[in-house]
Amino acid sequence: MHAVVGPLLEKYKAAGEYHMKMPVIDTTYAPDGVGRYTHFENGISIYWSPSTGAHLVYGAIRGLWEQLGWEKSYLGYPTEDEAQAGNLRRSTFQHGNIDHDPSTGRTWDYRV
């Protein structure tokens, strides 16, 4: 059993914890020393920082953000949950976005 605490617990409850399954780690301090995160069984993560709040990151977008270095990448922390953007799925971060095209499977990042 792993503990989900603080703002991450509130996000977990609001997102419908039964959809997210069980955490695979305790809520942990991020390597940058600023934020916290928790990963879940189904490949969903919640990341939180004092300036961005708690947000869900998952699927192909989560995979690319992980490859880039998570919150230590040029993108920083997520500022919104993943959402529909036209025909794409988009996660907005402090310094850019990651888009995923479900029809082609292509996922890419860019600065804003």
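This is a predicted model: local features need pLDDT of at least 70, side-chain atom pairs count only at pLDDT 80 or more; totals for chains, interfaces and linings use all residues.

Colleague: What makes lysine 11 and aspartate 81 a salt bridge?

Modeller: Their side chains come to 2.6 Å, N to O. The cut-off is within 4 Å between a Lys or Arg side-chain nitrogen and an Asp or Glu carboxyl oxygen, so the pair qualifies.

Colleague: Which parts of the chain does the pair link?

Modeller: Distant ones: lysine 11 belongs to helix H1 (residues 6–14), while aspartate 81 is in the loop between helix H3 (59–68) and strand E5 (83–85). The two residues are 70 apart in the chain.

Colleague: Why is lysine 11 called buried?

Modeller: Its relative accessibility is 18%. Buried means under 20%, so lysine 11 gets that label.

Colleague: And aspartate 81, why is that one called partly exposed?

Modeller: Aspartate 81 has a relative accessible area of 24%.

Colleague: How many salt bridges does the structure hold?

Modeller: There are 3. One of them joins the side chains of glutamate 82 and arginine 89, at 3.0 Å from N to O. That is within 4 Å, so this pair counts too. Glutamate 82 is buried, because its 13% relative accessibility is under 20%.

Colleague: How do you know that aspartate 99 and arginine 90 form a salt bridge?

Modeller: Check their closest N and O atoms: they are 2.6 Å apart. With the limit at 4 Å, the pair passes, so we call it a salt bridge.

Colleague: Are those two partners, aspartate 99 and arginine 90, buried or partly exposed?

Modeller: One of each. Aspartate 99 has a relative accessible area of 2%, so it falls under the 20% limit and is buried. Arginine 90 comes out at 26%, so it is partly exposed.

Colleague: What does asparagine 97 touch?

Modeller: Leaving out residues up to four places away in sequence, its contacts include Arg90, Trp108 and Tyr110. Asparagine 97 is in strand E7 (residues 96–101). At 8% relative accessible area it is under 20%, so asparagine 97 is buried.

Colleague: Last one: what is phi of tryptophan 70?

Modeller: Phi there is near 55°, a positive value in a residue other than glycine. Tryptophan 70 is in the loop between H3 and E5. Its relative accessible area is 17%, which is under 20%, so tryptophan 70 is buried.

Methods
Residues are numbered from 1 along each chain as its sequence is written. Side-chain values use heavy atoms; hydrogens and water are left out. Helices (H or I, at least four residues) and strands (E, at least two) are DSSP runs, numbered from the N terminus. Buried means under 20% relative accessible area, exposed over 50%, partly exposed in between (1.4 Å probe, protein chains only). Contact means heavy atoms within 4.5 Å.
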